[in-house]
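Here is a briefing on one protein model. Look at the structure first, then follow the points by topic.

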Amino acid sequence: MPTNLKGPDLQRLRQALTLEARHQYPNLKGNKAYFADFVAGELKKLVAELPAADRARFVPYTAAFDRYAWLSPPERADVVGGLQALLPSVVERVESQIGKEPDWRDRPVQFVKGIGPRAAELLAKVNVHTVDDLLRYYPRQYLDYNKRVRIGQLQAGETVTVWGEVKKVEAYNPPNKPNMSILTVWISDGTGSVAARWFGKKRNKFQHDQLKKRFPIGQSVLMSGEPKFDSYAGRMIFDRPEAEVLGDTDGTETSSLHIGRIVPIYPLTDGLNLKTLRKAMRAALDLYLPLVRDSMPAAVRDALELVPLKKALEQIHFPKSDAEQKDARDRLAFDELFWLQLGLAYKRAQSDARTEALVLPASGTFVSRLKEALPFQLTGAQERVFREIQQDLAANTPMNRLVQGDVGSGKTIVALLSLLIAVENGYQGALMAPTEILAEQHYAKISVWLRDLGLETALVLGRQGRKERNAVLRAVEAGLVHIVIGTHALIQEKIAYKDLGLVVIDEQHRFGVKQRALLREKGRSPEVLVMTATPIPRTLALTVHGDLDVSVIDELPPGRKPVETKWARTKREATEVWEAVRTQIQQGRQCYVVYPLIEDSDAEDFAHVKSATERHEWLSTEVYHGWEVALLHGQMTPQEKDGIMERFRRGEIHVLVSTTVIEVGVDVPNASIMVIENAERFGLAQLHQLRGRVGRGAYQSYCYLMSESRGESTAQRLGIMEATNDGFVIAEQDLKLRGPGEFLGTRQSGMPDMLLANLVEDTRLLERAREVAIRMVAADPTLDQRPLLKQDLFRYFKANLSFLDVG
């Protein structure tokens with residue numbers, strides 16, 4: 001172990017301070033270092049051992065001893081005396097901690113060579129606080145000197161690296177675009193010259209001068225990007241290339257970090273430069289790499305052809321070849337996926353071990369009688385998923401299953417059949433919906449189906465009157481109700497069940513872990529089945545819902561007609577859309593018109609975005625005068641929204657102008673046409689969910705996406721909507737377009753960030769990580785036989801151990 005990883009030598013530190021004072025502060029020279037250098041080094045070690053409150057008291061002394069040689073004798077006396085007075089307050093505490101060998105990975109990053117307090121502050125802005133954070137602050141790309149091209153040989157359309165001397169720099173606001181600024185740098189390497197341009201917001205002269213200072217005339221610059229021929233300038237030019245000022249390259253080892261064969265490029269923040277970061281990274285690797293331990297079993301690494309962790313960390317930062325960089329990236333990306341999958345498998349194992357499962361075999365006639373009474377046959381996918389649920393319910397381990405089904409795939413009937421198994425075994429069932437409208441829809445269907453079976457259904461809503469609600473609650477507690485349907489009211493303290501056996505949670509992503517736990521507490525240990533109509537790509541299902549078994553209803557009922565979807569791009573096409581709506585209304589159908597805003601907004605981003613309130617006025621008075629045109633939005637009270645939806649269901653409203661409050665589950669079979677204005681403002685998943693509100697009856701249905709936007713992303717999204725009705729295809733495309741972070745909307749609680757792994761491209765890596773994790777936990781559910789692995793697992797989830805059900 002390197003000696004400078006030991007704790008501070010407090011005895012020698014106190015002796016050195018006493019000796020320096022005795023000799024009148026000459027900055028004594030010892031065997032290995034001058035007094036000031038020795039004290040500065042020991043202080044940095046000391047500060048690393050201290051809590052934040054004490055650390056701040058020592059920071060001024062750390063800085064003072066760094067410049068001790070330039071202080072006058074009286075100033076030196078003040079510094080030495082001040083430190084002597086301060087030390088006793090922390091000596092006992094520090095000495096008691098030194099023997100405990102704190103984890104080197106948690107050492108503050110400012111004590112890495114080359115990083116002081118100022119650089120540490122800058123690194124904190126990019127969430128680098130410790131040595132471990134620094135080592136895992138991976139390059140975002142690399143510049144390869146082997147791929148360097150002479151400027152005179154540049155060809156358009158190829159990504160290349162050039163190296164030249166700065167000859168000229170300009171920064172200005174173009175007269176024809178006064179809100180823009182352009183920085184142009186010309187470089188030459190003797191074979192030719194090339195310009196590079198960067199575009200930004202409008203700047204003043206001082207700001208332009210500051211930009212120009214980044215590229216001093218005569219300095220060497222490295223640029224990487226894709227050059228193009230600028231016909232106006234008559235020359236090759238780079239737009240927004242990666243660029244790094246190399247300065248004077250003297251051939252030393254230090255400069256080889258910056259002009260070697262493959263050079264790492266890190267994400268930066270203002271004030272932090274690449275050279276400082278590379279030097280610090282090299283110093284951190286040299287010092288700490290020998291301490292890195294690899295808790296991944298060697299047999300697993302060998303079977304998957306993964307490089308050891310030490311080698312991966314070295315090669316991700318300073319690879320000698322593209323192959324080395326790829327090997328390092330694969331190992332570290334695998335680790336990210338593996339720790340997540342191991343955490344999910346461990347969490348599932350802990351939950352299963354302490355949860356008493358109900359054994360609910362299919363043992364009665366309710367299921368078969370309902371199937372015979374249905375006016376339709378289940379699809380093959382519905383039958384397959386129901387069999388999987390039956391197997392779970394009959395097993396002696398708790399059920400944790402997610403059922404995915406696209407809009408209209410028939411999840412509700414599968415849920416009801418599952419609930420009937422609980423009823424056959426003498427238990428009650430509960431169906432929990434995300435909104436009262438959906439709860440009422442479920443109740444309207446299910447109560448009719450169950451009436452013929454002699455079973456009672458109850459509806460529990462938050463807005464029920466006290467008398468009605470108390471009557472329902474008494475019936476539920478007495479066991480007179482077999483299946484209870486409601487919203488979050490089902491988990492309120494006042495409701496008690498006689499014997500709750502199965503809970504089905506519809507649109508589970510709208511309920512958190514705490515709500516599900518509360519619902520489980522309503523029975524001895526009821527089984528839980530969750531459902532969603534939001535298609536999730538397989539890779540995301542394995543991460544977001546990796547602790548659940550996933551079933552997919554991937555088949556629509558026969559006879560269901562796909563919704564015809566068209567993108568209306570022009571004013572003429574928009575006029576045709578409104579005429580198509582008129583035709584549908586005349587045929588007795590109903591229409592949704594959806595807007596992204598409730599009211600007009602003065603915000604610049606919404607300058608050309610239409611609002612529901614304004615367009616409702618226009619549609620009701622000018623376009624469809626004489627027909628009933630209603631307005632629905634999220635700022636209305638639940639009673640107002642329910643009243644409007646009930647009138648729409650009864651056919652009293654012909655055109656419903658709405659925001660996205662109708663996105664989930666509203667079922668009006670007579671609604672056959674949907675118009676979405678400013679469709680460019682919606683994501684793919686949201687557009688698909690909105691479109692799912694039509695096409696639920698026997699009539700051909702239509703969806704018109706109105707947008708005059710010519711943006712590339714708009715064309716991609718609306719083109720996909722025109723091309724397919726398959727929610728899983730749309731979800732995969734949405735994931736590719738937006739990436740997993742934006743696709744999920746919010747970061748999953750407790751799940752660490754993925755720094756290298758890509759859920760779009762690393763499907764195979766994810767599946768291998770999942771296989772290994774499940775196999776390990778199956779063999780050792782507590783992981784007690786692999787203490788290092790378990791320790792690193794808990795460290796990986798240290799920000800939220802509750803995710804692992806351990807804190």
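Thr159 sits in the loop that runs between strand S1 (141-144) and strand S2 (160-172). Helices (H or I, at least four residues) and strands (E, at least two) are DSSP runs, numbered from the N terminus. This is a predicted model: local features need pLDDT of at least 70, side-chain atom pairs count only at pLDDT 80 or more, and totals for chains, interfaces and linings use all residues. Residues are numbered from 1 along each chain as its sequence is written, and side-chain values use heavy atoms, with hydrogens and water left out.

**Loop residues**

- Thr159 has 62% relative accessibility, so Thr159 counts as exposed. Buried means under 20% relative accessible area, exposed over 50%, and partly exposed in between (1.4 Å probe, protein chains only).
- Thr159 and Glu226 are 67 residues apart along the chain, yet their C-alpha atoms are separated by 4.3 Å.
- Leaving aside neighbours within four places in sequence, Thr159 is in contact with Gly225 and Glu226. Contact means heavy atoms within 4.5 Å.
- Thr659 lies in another loop, between strand S20 (655-658) and strand S21 (671-677). Is Thr659 buried or exposed? Thr659 is buried, with a relative accessible area of 7%.
- Among the residues that Thr659 touches, not counting those up to four places away in sequence, are Val594, Tyr595, Leu632 and His633.
- Gln24 is not a glycine, but has a positive phi of about 65°. Gln24 lies in the loop between helix H1 (10-22) and helix H2 (35-49), and counts as exposed at 58% relative accessibility.
- Glu305 is not a glycine either, and has a positive phi of about 55°. Glu305 lies in the loop between helix H11 (298-304) and helix H12 (309-317). At 72% relative accessibility, Glu305 counts as exposed.

**Overall make-up**

- The protein has 28 helices and 22 strands.
- Of its 807 residues, 51% are buried.
- Take the contacts in the protein with a separation of 6 or more: residues 24 or more positions apart account for 73% of them.
- The accessible surface comes to about 38400 Å², and 49% of that belongs to carbon and sulfur atoms. Accessible areas come from the Shrake-Rupley method with a 1.4 Å probe; for residues, only the protein chains shown count as cover.

**Nonpolar cores**

- In soluble globular proteins, nonpolar side chains tend to be buried together.
- The largest nonpolar core here has 78 residues. A nonpolar core is a set of buried Ala, Val, Leu, Ile, Met, Phe, Trp, Tyr and Cys residues joined through side-chain atoms within 4.5 Å.
- Which residues have the most contacts inside the largest core? They are Val112, Ile115, Leu134, Phe338 and Leu342.
- Helix H13 (residues 322-354) gives the largest share of this core, 13 residues.
- A second, separate core has 51 residues, including Ile437, Ile653, Cys703 and Met706.
- Leu342 touches Ala773, Met776, Val777, Leu783, Leu789 and Leu793, with residues up to four places away in sequence not counted.

**Helix H14**

- Phe366, Val367 and Leu370 are buried in helix H14 (residues 366-373). They are on the same side of H14, because they cover an arc of only 100° around the axis. The arc is that of the directions from the helix axis to the C-beta atoms.
- The cover over the buried residues of H14 includes helix H15 (380-394), helix H16 (411-424) and helix H17 (436-451).

**Aromatic rings**

- The count of aromatic pairs comes to 14. Rings of Phe, Tyr and Trp (its six-membered ring) pair if their centres lie within 6.5 Å; planes under 30 degrees apart count as stacked, over 60 as edge-to-face and the rest as tilted.
- Phe65 and Tyr68 are stacked, because their ring centres are 5.3 Å apart and their planes are at 10°. Phe65 counts as buried at 1% relative accessibility, and Tyr68 counts as buried at 0%.
- Tyr592 and Phe648 form a tilted pair, because the ring centres are 5.0 Å apart and the planes are at 55°. Tyr592 lies in strand S18 (residues 590-594) and Phe648 in helix H23 (residues 638-649), so this pair ties together parts that are 56 residues apart in sequence. Both Tyr592 and Phe648 are buried.
- Ring pairs also link Phe334, Phe338, Trp339 and Tyr796 into a cluster.

**Charges over rings**

- The charged end of Lys168 sits over the ring of Trp186, 4.7 Å from its centre. A charge sits over a ring if NZ of Lys or CZ of Arg is within 6 Å of the ring centre and within 35 degrees of the ring normal.
- Arg569 lies over the face of Trp567, at 3.8 Å from the ring centre.
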